[in-house]
Amino acid sequence: MPALPSHAGDTSLVLLPPEAPDSAAVIPFHHGVKPPISPRFSISWSRGNSLRVSVFKQSPQSDAVTSTSSNETDGGRVVELKLGSAGDGGGGEIDDAAQWRRIAYGSVAPFALLQSRKNSMSALSRMSSSSSYDAQWWAYVLEYSREINSLLGYRRLPPGPAIEDPRTVLKRVEEPTCLKAAWELMEVFYADKQSQAWLPERLVDWLADFDSLFSGTQPTIHSKLLDFQEELVTLQAVEDDPRYWEAISSALAVGWLDIAVKLLRLHGSYQLNQLGNRETENGLVEAVAVLISKMPRMRSKSAAGNLGECFKSKPDFIKALEKWRAQITKLDCSAFWLQCGHHQTMEGLKSILQIMLGNASTLSASTCHWLELYIAHFIYIRPFTAGLESMYTLAQKCLQVKPVSRPHKLMKLFTGILGENTEVVLAECSKMIAHAVELLTAGSTQADIVLHEERDNLGGISIEELHRLVYAQFLSSHALTWQIAPIYLTSCIKQGMGLLEILLSKQPVHHNQVLLKNLEICRLYELERVSSNIMKVSYEWLEYITGSMVRKDLESSGFSKLGMNFQWEGLIELLGSDSRIAGGLEFLHKYRDFKRSLQQVHDGTATDAAQRAAEALISLMKNPSTPHRFWLPLLYDSLKLFNWQECPLLNVPQTNLLLNKLQELSMVRLRPDFIEADLPLQALSSVRLALATNLGRAILDH
């Protein structure tokens, strides 16, 4: 696919599809190369659906020596651009089919448990006040959300070096996904009601985990820190580089205190050979670092290694915040700044103090996109939320300050949540929508009304039921996940059971395990009519294999290998012996009993086993469903019964029955469709002689 660079300085590619040269797709990307940029780009394929784009710096027009520092004279940068994620504004998608199946199976138990609890709570709330169950219900919803969230884990990255580089700013063990980011965002707003008091801090943690997902199409603080981390190795005096102070300001603006303090302590004044000459400068840097590490935070607790002092109550937090800002103001007005001999350090630290004091213009300059600016406002300007409406108004103001031409799907989800736009929220979490509906209905009254309202244009069902049916259809389309679709179908009151019957009726019956699972589901949901229909089809199939597998046992193998291919014995046990539905199955049951008894006779068991085998043989020969072609093999394998030494096993009527069957067989063999058994030539005469001998002994015994 040919590609042309847009105007010099723009961070985008214009893709021209060969089949539609008039239509162009503009894909912006962040490369980090400062102008002037060369109009020449090098583009090559990378792994998967990614392009490797090399962006070059414009070569100087003269040989004059410029005053730019060495870090600004780099030749360019190589950027990997994912084409598949261009349409939605970023990568981080789960493409592994096995991973999706793991999520599908893992989410069944939490979903079923929540439905059971919902039904129980609904029944109890009708008997007493529903307010007494609210706290318990929120605990159930949060437990459900966290169990689903644990399934949407990160994608593992290759292990890093064994010895950590002291200049490593960002550590990444796992790569985040959009699905997990979307779920955690909904959990913050809809499910975790206990953490609403420290919602800004939850958003700080969320951005720290998932800001890298926005880096595909626009600059982010995460990408800025990654770019600077690569340059740290080549920098001798980091405090001389403006990007050093920009990185600290950006990390601090979004509440990444540990990164800001770590970068500050890379300052050259901390080196042993510099302490004597730069004592005041080092003191100012350390004072700012201590202030950052002591920043008050309105949250219950902080993760291990995170800086800041946590406060659970609003009065304690306000008191600590006022004291902290007073210390910042005092430091800002200190006379020690006059003794600081390094201009970049003084300007950089002053800018950091302005961020901590909540200067709006400094915060805007330190952030890259509107969502980062939005969270920075909550940290330093308005640390307390006042409802979704005011939060949505602030988001619109931040969007005006930092507009985006191609918003990421997570940004759309964020504004959809703040604007209480249920349709937008559903559209942006489509992959787990059947499970996300539980969070929306629990956390938003408006969403509960929209999702549970029955709609004529949907056939009288609600949006909630529609999405469960769609998800069940998705599960039913794969041979490895169809058996969990009934969990979601049975939760749909209107159309679920009808579709479940169709699903079960379409499953193949010639696979033993599938049939067993099918009948088990029918029994679980009391679908007797469906089970009966499935058994009818199963009987027809078993009658078919009666003419193949059993024929191998009786005709080809003889008794010496009888039962070696009888692999469907467990299936017969499960299906039962309802002769009113199909006689072929009754024959299989009787044949199985005969086979077992006959095996004991050949193993040398007593007369009781031989008597049972003889009774099973008579039952088989009386059964009208026993095929004619099996008569002679059955009788031939029973020669030992006819010649039993101790006593005749068959009485006179039974022996006459078998002799009549032999006579009838001689007539049946004249039919053109009769299949001869693969038996010795003397088989018929041997059986006739043995029956005649048994008849004589039976007459004498009688």
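First, a note on terms: I call a residue buried when its relative accessible area is under 20%, exposed when it is over 50%, and partly exposed in between (1.4 Å probe, protein chains only).

Before going on, I jotted down that this is a predicted model, where local features need pLDDT of at least 70, side-chain atom pairs count only at pLDDT 80 or more, and totals for chains, interfaces and linings use all residues. Residues are numbered from 1 along each chain as its sequence is written, and side-chain values use heavy atoms, with hydrogens and water left out.

Entry 1. I searched the whole structure for salt bridges (a side-chain nitrogen of Lys or Arg within 4 Å of a carboxyl oxygen of Asp or Glu). The search gave me 17.

Entry 2. I looked up Lys-350 and found it in a salt bridge with Asp-332, with the closest N and O atoms 2.9 Å apart. Lys-350 sits in helix α11 (residues 343–356) and Asp-332 in helix α10 (residues 314–332), so the pair ties together parts 18 residues apart in sequence. Helices here are DSSP runs (H or I, at least four residues), numbered from the N terminus. Lys-350 is partly exposed, at 26% relative accessibility.

Entry 3. Next I checked Glu-438, whose side chain meets that of Lys-118 in a salt bridge (2.9 Å, N to O). This pair links distant parts of the chain, 320 residues apart: Glu-438 is in helix α17 (residues 433–443) and Lys-118 in helix α2 (residues 108–127). Is Glu-438 buried or exposed? I got buried, at 2%, while Lys-118 is partly exposed at 22%.

Key
Helices (H or I, at least four residues) and strands (E, at least two) are DSSP runs, numbered from the N terminus.
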